[in-house]
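Have the structure open as you read.

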Amino acid sequence: MSAVYITKSQLGERSQPRYDGSVIHLRVPGTLRYRDLAVRVVGAACKLVGTPEESTGPIRNTAWDNEVVSAFGEAFNNAAIHSYDGRKPGDVEIEVEVGITAITIRIIDYGNSFALDDVPVPDLEALPESGLGLYIIRSFMDEVKYAAGTPNVLSMTKYVDPGRRQVPEPVDRISDSSGGDGRQ
Amino acid sequence: MNFNREDNGDVTVLRISGSLDALSTPELRPTIDALVAEKRPSITVDLSDLRLIDSSGVGAIVSLYKRMRALGAKVEVVGLKDQPLAIFRLLRLDRIFSV
């Protein structure tokens, strides 16, 4: 059985100029049972973004936090539901890079891969009941990257400055693209 | 996630609180199926105490809306705020539910 542990370490070689904080590591079994725990960790990490004065002050942008938490929840769902679909469940590793100007979250799994660009944009006019996860991720985060392999790494960044956001436009019709392994 | 159903004449109020997500949404499905099977004429989904929702939870509510609408019934969503409201607005559901 996999263990759950949280560690915190100072940034090393992977440090980026815009980050001046720490990386929070979380490793949980890749099942939905651990979703709430992981979401709560990310939600708490959001409150550390910014300068020390900003991140501990009384003014918090809860809308910004909500968008990060929403995107992360969808990413965790995909890892737990799709990555280990049809195979023995493995772990999901989560790295949260807290910065002054941004937060970057990496979701790492050792299961099935998919093609990020092949996942269709949903037709919101048709009131879809599924296939919305990646749309939420792409809409609420400023940068989303996916590296397939062993492990698969989904990396997503959100800047404090909302001007960088690029929301994908929904399509006018339903796409019949398969979207890889059915990931949403 | 907790939920309860209250029937007052033709009106059913479905109150959902906590987190409606991929883990908890399956618990709600039988109640949605029952509302559809009973052809309830008016349903109010009260999300005043809903803390978090994900695409799975949205899918369940949209499913309820579409199935009841096909029966000629009325479905409204009330009490949205914070993260759930942000999700509903992003997915353009505010135009359906007038939140």
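A residue counts as buried here if 20 or more other C-beta atoms lie within 10 Å of its own, as exposed if there are 12 or fewer, and as partly exposed in between. Keep in mind that this is a predicted model.

Start with the layout of chain A. You'll find four helices and six strands in it, and reading from the N terminus they come in the order β-β-α-α-α-β-β-α-β-β. Take the contacts in chain A between residues at least 6 apart in sequence: 71% of them join residues at least 24 apart.

Now for the inside. The largest nonpolar core has 61 residues, and the ones with the most contacts inside it are Val42(A), Ala71(A), Ala75(A), Val96(A), Ile103(A) and Ile137(A). The element giving the most to this core is α3(A), with eight residues.

Setting aside neighbours within four places in sequence, Ile137(A) touches Ala71(A), Glu74(A), Ala75(A), Val144(A) and Met156(A). Some of those contacts belong to the packing of two helices, where Glu67(A), Ser70(A), Ala71(A), Glu74(A), Ala75(A), Asn77(A) and Asn78(A) of α3(A) meet Gly133(A), Ile136(A), Ile137(A) and Phe140(A) of α4(A). That set of residues splits into five nonpolar, four polar and two charged. As for geometry, the axes of α3(A) and α4(A) come within 8 Å and cross at roughly 145°, and the crossing is left-handed.

Why is α4(A) largely enclosed by the rest of the structure? Because eight of its eight residues are buried. The buried set includes Arg138(A) as well as Leu134(A) and Tyr135(A). What do these residues pack against? In chain A, the partners are α3, β5 and β6 (152-159), and chain B joins in with α2 (55-70) and α3 (82-90).

That brings us to the meeting of the two chains. In total, 23 residues of chain A are in contact with 18 residues of chain B. On the chain A side, α1 (35-46), α3 (62-83) and α4 (133-140) each supply at least two residues, and the largest share, 10 residues, comes from α3(A). By type, the chain A side divides into eight nonpolar, nine polar and six charged residues.

Next, follow chain A to strand β5 (residues 143-147), which is where Ala147(A) sits. With 13 other C-beta atoms within 10 Å, Ala147(A) is partly exposed. Beyond its neighbours within four places in sequence, Ala147(A) is in contact with Asn152(A) and Val153(A). Ile108(A) is 39 residues away from Ala147(A) in sequence, with 9.6 Å between their C-alpha atoms.

Most residues other than glycine have a negative phi, and most peptide bonds are trans. In the loop between β5 and β6 of chain A you'll come across Pro151(A), which is joined to Thr150(A) by a cis peptide bond with omega at about 10°. Over in chain B, Asp82(B) has a positive phi of about 55° although it is not a glycine. Asp82(B) is in helix α3 of chain B and counts as partly exposed, with 14 C-beta neighbours inside 10 Å. Arg92(B), in the loop between α3 and α4 (94-97) of chain B, also has a positive phi, near 60°. Arg92(B) is exposed, because 12 other C-beta atoms lie within 10 Å.

Conventions:
Residues numbered from 1 in each chain as written. Chains lettered and ligands numbered in written order. Predicted model: local features only at pLDDT ≥ 70, side-chain atom pairs only at ≥ 80, totals over all residues. Contact = placed C-beta atoms within 7 Å. Nonpolar A, V, L, I, M, F, W, Y, C, P; charged D, E, K, R; others polar. Core = buried A, V, L, I, M, F, W, Y, C linked by C-beta atoms within 7 Å. Axes fitted to C-alpha atoms, helices over the stretch in contact; angles between N-to-C directions. Left-handed = near helix turned anticlockwise from the far one by under 90°.
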